[in-house]
Amino acid sequence: MTPAFDSTAPTEPALAYLPPPACIGVLGGGQLGRMLAQTAQTLGYTVAVLDPDANAPASSLSEHFLCVDYSDDAGLTALSQVAERVTTEFENVPAMTLERLARELGVSPSAACVRIAQDRVLEKTTIQACGLPVAPFWGIESHADLAHVPAQLFPGILKTTRLGYDGKGQVVVPNAQALPGAFALLQASPDGAPTACVLEKKLPLQAECSVILARSEGGACVHLPVQVNQHHQGVLFSSTVFPGWVDPGLEQTLQNAAQTLAQALNYVGVLCVEFFILDDANATAPWVVNEIAPRPHNSGHHSLNSCSMSQFELQLRVLVGLPLTPVAQHSPCVMLNLLGDLWWDPSAVRTNASNAPQEPDWWRLLALPGTHLHLYGKKEARRGRKMGHLNITADTPEAVMNTVAQCLALLGLESLGLGVAPRLGPTRTAWDSPTHGVP
Ligand code: ADP
Ligand code: MG
């Protein structure tokens with residue numbers, strides 16, 4: 001039996017059914033907070049968003065907006081006065097903030113679980129303790145640790161232990177000689193204190209998948225179908241969610257692994273578990289867990305148009321104690337991320353190519369059947385910034401693929417060779433019986 005890590009779990013239910021129009025508090029007003037707020041409002045709830053950025057995407061639509069830092073004492077008091085439940089849209093909110101709010105309100109996810117997801121070394125050791133495989137790794141806290149890194153971890157990827165996202169805070173390290181330079185590159189602290197890092201072995205990837213699940217306070221668990229994710233320059237480019245696209249044995253295994261983790265952590269809320277599917281016939285395990293996110297995830301955005309319930313409704317349901325019913329997928333779907341680069345680069349959906357940022361001409365994309373545009377209301381486009389996403393649905397995967405090809409051409413993205421992930425067919429029998437050990 002794996003241990004329950006969340007020893008702070010209360011004995012009295014903290015998330016009993018709370019009817020609308022009660023107020024839901026959201027820490028963070030980015031796109032995830034905004035889509036949660038929209039969902040909460042659809043179900044009749046009111047929303048209070050706390051975010052230090054006055055222009056946060058969720059600021060304009062929430063009934064209450066607190067523009068303060070995440071550890072601002074007066075701001076947190078104000079939030080707990082107006083909201084009856086609190087959740088977070090990102091994992092880097094101080095765990096102390098969640099702990100403090102949980103003394104007065106129902107909070108999901110717990111500070112204990114968020115703390116795990118904030119630290120890559122703690123995250124990996126926790127996943128291992130649950131009996132699940134991770135990439136071989138070595139924590140490096142100071143220059144003195146550099147000499148002790150095992151040679152078999154090269155080539156590797158050096159990552160900052162905390163605060164990395166979308167491939168930021170990562171450097172590929174081809175060999176041991178390159179490690180001190182890579183470590184120096186990731187040192188960002190102005191006071192000279194070393195920035196802790198973790199070196200991971202760079203694994204040969206066949207594919208990347210994610211599982212998004214929701215677990216209620218009472219332990220009920222439901223999940224979305226497995227997503228197959230493609231990245232470009234460390235940022236999610238697309239998620240492909242076609243029924244039968246992933247070998248059923250593998251799909252079941254990944255869902256079971258995500259559920260094992262959620263149960264062992266006594267996790268309450270929406271949890272995303274990212275997996276690497278390995279392209280290595282000799283690996284001890286055919287897949288490893290990459291990382292977890294204690295919230296809805298970019299790879300689950302398809303659910304807004306492809307499933308009977310979106311990941312944001314799942315998050316809301318856990319928070320207000322509504323029942324978790326099984327999620328059915330009604331349409332095959334591909335989600336394409338829309339980055340700020342589209343506001344500059346010449347493409348068919350731009351009316352002219354100039355140096356000034358220009359809103360893409362969405363008219364031509366939306367003229368294609370089955371395209372669903374979600375823009376996050378960000379006032380300023382920047383390269384690499386997530387501005388929105390496009391969900392593409394149809395009756396069949398073939399029809400989705402056809403529309404995806406047209407969308408990529410209109411967006412000027414077809415030369416990347418990305419979009420629809422290849423089928424993860426039953427080419428490896430080992431998928432049916434993965435070894436739960438560290439490779
Ligand atoms: P982030 O927190 O920025 O999402 P990840 O650890 O998920 O960081 O890394 C981003 C991407 O980099 C992954 O989705 C994957 O494409 C690649 N990557 C990360 N770690 C490894 C690894 N150990 N081996 C191979 N590729 C990796
Ligand atoms: Mg990731």
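## A strand covered on both faces

Strand 16 is buried on both of its faces. One side carries Cys-333, Met-335, Asn-337 and Leu-339. The other carries Val-334, Leu-336 and Leu-338. In a regular strand, side chains alternate between the two faces of the sheet. The strand covers residues 333-339, and seven of its seven residues are buried. Buried means that 20 or more other C-beta atoms lie within 10 Å of the residue's own; exposed means 12 or fewer, and partly exposed is in between, with C-beta atoms placed from the backbone. Strands here are DSSP runs of E with at least two residues, helices are runs of H or I with at least four, and both are numbered from the N terminus.

This is a predicted model: local features need pLDDT of at least 70, side-chain atom pairs count only at pLDDT 80 or more, and totals for chains, interfaces and linings use all residues. Residues are numbered from 1 along each chain as its sequence is written, while chains are lettered from A and ligands numbered from 1 in the order in which they are written.

## Its neighbours in the sheet

Strand 16 runs antiparallel to strand 13 (residues 235-241), joined by four bridges. Leu-336 is the bridge partner of Ser-238. Strand 16 also runs antiparallel to strand 18 (residues 386-393), this time with seven bridges. There, Met-335 stands opposite Asn-391. Two strands pair if DSSP finds at least two bridges between them.

Strand 18 also holds His-389. This histidine counts as buried because it has 23 C-beta neighbours inside 10 Å. Leaving out residues up to four places away in sequence, His-389 touches His-301, Met-335, Leu-336, Asn-337, Leu-338 and His-374. Contact means C-beta atoms, placed from the backbone, within 7 Å. His-374 is 15 residues from His-389 in sequence, and their C-alpha atoms are 5.3 Å apart.

Another set of five strands forms an open sheet in the order 3-2-1-4-5, with parallel pairing. Strand 1 (residues 23-27) and strand 4 (residues 85-88) run parallel and share four bridges. Gly-25 stands opposite Val-86 of strand 4.

## The nonpolar core

The largest nonpolar core has 116 residues. Such a core is a set of buried Ala, Val, Leu, Ile, Met, Phe, Trp, Tyr and Cys residues joined through C-beta atoms within 7 Å. Those touching the most other members include Val-47, Leu-199, Val-273 and Cys-407. Strand 14 (residues 269-278) gives the largest share of this core, eight residues. Domain 1 (23-117) and domain 2 (136-201) both contribute, so the core lies between them.

Val-273 contacts Ser-210, Val-211, Ala-257, Ala-258, Leu-261, Val-289 and Ile-292, leaving aside neighbours within four places in sequence.

## The whole protein

The domain bounds come from an automatic or database assignment. The centres of domains 1 and 2, taken over C-alpha atoms, are 32 Å apart. In total there are eleven helices and 18 strands. Of the 439 residues, 45% are buried. Among contacts with a separation of 6 or more, 66% join residues 24 or more positions apart.

The C-alpha trace spans about 55 × 55 × 45 Å along its principal axes. A compact globule of 439 residues would have a radius of gyration near 22 Å, and the protein agrees, with 22 Å. That radius is taken over C-alpha atoms, and the globule rule is 2.2 Å times the number of residues to the power 0.38.

Conventions:
Contact = placed C-beta atoms within 7 Å.
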